[in-house]
Amino acid sequence: MEYVIIDSSQDGLPAAAGSIWRVPDPGAVEAEFAGAEGELVQRRWADAAVDVRFEELQPVAAFSVVPGRRWGPGWWWSATTGRHVPHGSQAMCMQLMLLDRDPQVVGLSARPVRLIWRDPDSGRVLTWVPQLFARYAKGGALLADCPAMTSPAAGRAERAAVVLEAACAAVGFTYRRLLPPDAVVAANVRWLAGYRHPRYRDADGLEQAVLEAFTAPRPLMAGAAAAGEVLSALPVLYHALWSGRLAADLTRPLGEHTLVSAGCPDTAKDGTEQEQYAR
């Protein structure tokens with residue numbers, strides 16, 4: 001049996017026109033993941049997707065260090081789970097930030113599963129390790145890759161995406177290639193992420209004053225001044241923007257004149273879900 005190990009980080013070329021492959025039956029796709037003792041376990045994907053808490057697993061494949069690259073593997077502390085999630089690139093770290101801020105996400109992990117299938121065209125056994133897994137509060141989950149460029153998937157990445165989309169759809173999951181956000185959005189989310197830790201939520205007892213300052217929309221700095229001492233209020237304000245208790249247009253540069261308003265209580269991520277999830 002011939003195995004072809006496919007690296008999900010190797011893509012970025014324009015998609016070839018007319019690239020069509022036969023997709024294996026989702027019931028024939030296998031999943032490989034780390035067991036309780038660190039051993040590799042292989043099961044039918046359809047069964048593992050129901051039973052296995054992929055958000056709690058360690059990576060099934062390590063992130064490689066590439067000489068000459070400006071980035072290397074690192075760790076993201078997740079406000080959603082209260083744990084560190086490894087990442088292998090700046091693009092992946094950015095997507096972790098966005099998912100960590102998503103109020104519907106209750107679990108995150110990196111490379112927790114390797115999908116294995118026999119290619120109907122060549123007969124070879126192929127594999128793919130998606131870079132991210134996210135569990136949603138209302139059911140379902142996301143398997144995702146994080147390309148550094150917005151160009152369509154090509155070659156091996158394109159072929160694997162077709163298989164993973166079908167395999168995920170069969171179990172009520174979603175597979176997506178998470179494209180990089182706009183540069184302004186990325187910069188704003190990166191800034192707010194610096195205030196994601198729960199310690200900023202009610203720092204100096206200012207949470208209520210900050211929220212009340214933006215009952216009606218007003219400029220960011222004016223609201224911070226109305227809530228109390230500005231340098232003390234700003235971290236609380238930024239945490240509220242991160243969690244969704246306050247809202248602002250993040251497609252424009254975040255600054256003193258940014259219009260801030262009350263967020264939506266139904267979508268704010270405030271730590272309650274994290275405590276329930278931990279139990």
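## Cysteines

The sulfur of cysteine 93 lies 10.0 Å from the closest cysteine sulfur, in cysteine 146, which is too far for a bond. A disulfide here is a pair of cysteine sulfur atoms within 2.5 Å. A search of the whole structure finds zero of them.

Cysteine 93 is buried, with a relative accessible area of 14%. Cysteine 168 is also buried, at 0%. Buried means under 20% relative accessible area, exposed means over 50%, and partly exposed lies in between (1.4 Å probe, protein chains only).

## Basis of the values

This is a predicted model: local features need pLDDT of at least 70, side-chain atom pairs count only at pLDDT 80 or more, and totals for chains, interfaces and linings use all residues. Residues are numbered from 1 along each chain as its sequence is written, and side-chain values use heavy atoms, with hydrogens and water left out.

## Whole chain

The chain has eight helices and 14 strands. Helices (H or I, at least four residues) and strands (E, at least two) are DSSP runs, numbered from the N terminus. Of the 279 residues, 45% are buried.

Contact means heavy atoms within 4.5 Å. Among contacts with a separation of 6 or more, 66% come from residues 24 or more positions apart. The chain exposes about 13800 Å², and carbon and sulfur atoms supply 53% of that area. Accessible areas come from the Shrake-Rupley method with a 1.4 Å probe; for residues, only the protein chains shown count as cover.

## Helix α7

Helix α7 covers residues 230-243. At 1.5 Å a residue, its 14 residues should span 20 Å, and the end C-alpha atoms are 20 Å apart, which agrees. The expected span is 1.5 Å times one less than the number of residues.

At the start of α7, a side-chain oxygen of glutamate 229 reaches to within 3.1 Å of the backbone nitrogen of leucine 231. The helix is mostly covered, with 11 of its 14 residues buried. Among them are Leu234, Pro235, Tyr238, His239 and Trp242. Glycine 244 follows α7, and its phi is positive, near 95 degrees.

Strand β4 (residues 74-77) and strand β5 (residues 84-87) run antiparallel, joined by four bridges. Two strands pair if DSSP finds at least two bridges between them. Tryptophan 77 stands opposite histidine 84 in β5.

Six residues lie between the two strands of this hairpin. In the turn, glycine 82 has a positive phi of about 75 degrees.

Key
A polar contact is a pair of N or O atoms within 3.5 Å; within protein, one must be able to donate a hydrogen and the other to accept it, and residues adjacent in sequence count only if both atoms are side-chain atoms.
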